[in-house]
Amino acid sequence: MKTMRRLYRHFDAEGRLLYIGISANPFSRLNQHIHESHWADQIRIVTIETVKTMFDNRDTTARDMATAFAVELEAIARERPLYNTNGQRNRAMFAARRKR
């Protein structure tokens with residue numbers, strides 16, 4: 001079974017970008033943010049777009065994951081959301097995977 005990854009963005013009531021992430025299930029991920037993220041009470045708008053790479057749940061390739069990380073990190077770097085504190089860690093993980 002193939003799963004499409006989705007890039008999601010959370011905005012506050014004034015339209016400020018709070019967070020960017022990538023997930024196969026952005027609604028489940030939103031629920032995690034609501035319970036775990038100190039800024040989640042600010043979320044008023046959520047946008048979701050499909051990443052143009054298909055992922056196979058049984059055999060996710062490193063290249064597909066690299067594509068997903070690249071899409072997410074490019075959006076974080078370009079749009080500079082307020083609460084993406086894991087961006088630096090994700091960039092390091094992505095760079096390490098590319099060297100393999």
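This is a predicted model: local features need pLDDT of at least 70, side-chain atom pairs count only at pLDDT 80 or more; totals for chains, interfaces and linings use all residues.
Biologist: Why is R80 called exposed?

Modeller: The relative accessibility of R80 is 66%, and exposed means over 50%; R80 therefore counts as exposed. R80 is placed in the loop between α2 (62-79) and α3 (87-99). Its phi is near 50°, a positive value in a residue other than glycine.

Biologist: What makes E72 a buried residue?

Modeller: Buried means under 20% relative accessible area, and E72 has 7% relative accessibility, so E72 counts as buried. E72 belongs to helix α2. Its C-alpha atom is separated by 9.6 Å from that of R6, a residue 66 positions apart along the chain.

Biologist: How do you know that the buried residues of α1 line one face of the helix?

Modeller: In helix α1 (residues 26-36), the buried residues are P26, L30 and H33. Viewed down the axis of α1, these buried residues fall within an arc of 60°, and therefore they line one face. In general, an α-helix has 3.6 residues a turn, so residues three or four places apart point the same way. H35 and E36 are exposed on the other side of α1.

Biologist: Why does F27 count as exposed?

Modeller: F27, which is placed in helix α1, has 60% relative accessibility. The cut-off for exposed is over 50%, so F27 counts as exposed.

Biologist: Which residues form a nonpolar patch on the surface with F27?

Modeller: V46 and I48 form the patch with F27, and together the three residues have about 270 Å² of accessible area.

Definitions and conventions
Residues are numbered from 1 along each chain as its sequence is written. Side-chain values use heavy atoms; hydrogens and water are left out. Helices (H or I, at least four residues) and strands (E, at least two) are DSSP runs, numbered from the N terminus. Buried means under 20% relative accessible area, exposed over 50%, partly exposed in between (1.4 Å probe, protein chains only). The arc is that of the directions from the helix axis to the C-beta atoms. Patches are made of residues with over 30% relative accessible area and no salt bridge: like charges are joined within 9 Å, nonpolar side chains (Val, Leu, Ile, Met, Phe, Trp, Tyr) within 5 Å. Accessible areas come from the Shrake-Rupley method with a 1.4 Å probe; for residues, only the protein chains shown count as cover. A salt bridge is a side-chain nitrogen of Lys or Arg within 4 Å of a carboxyl oxygen of Asp or Glu.
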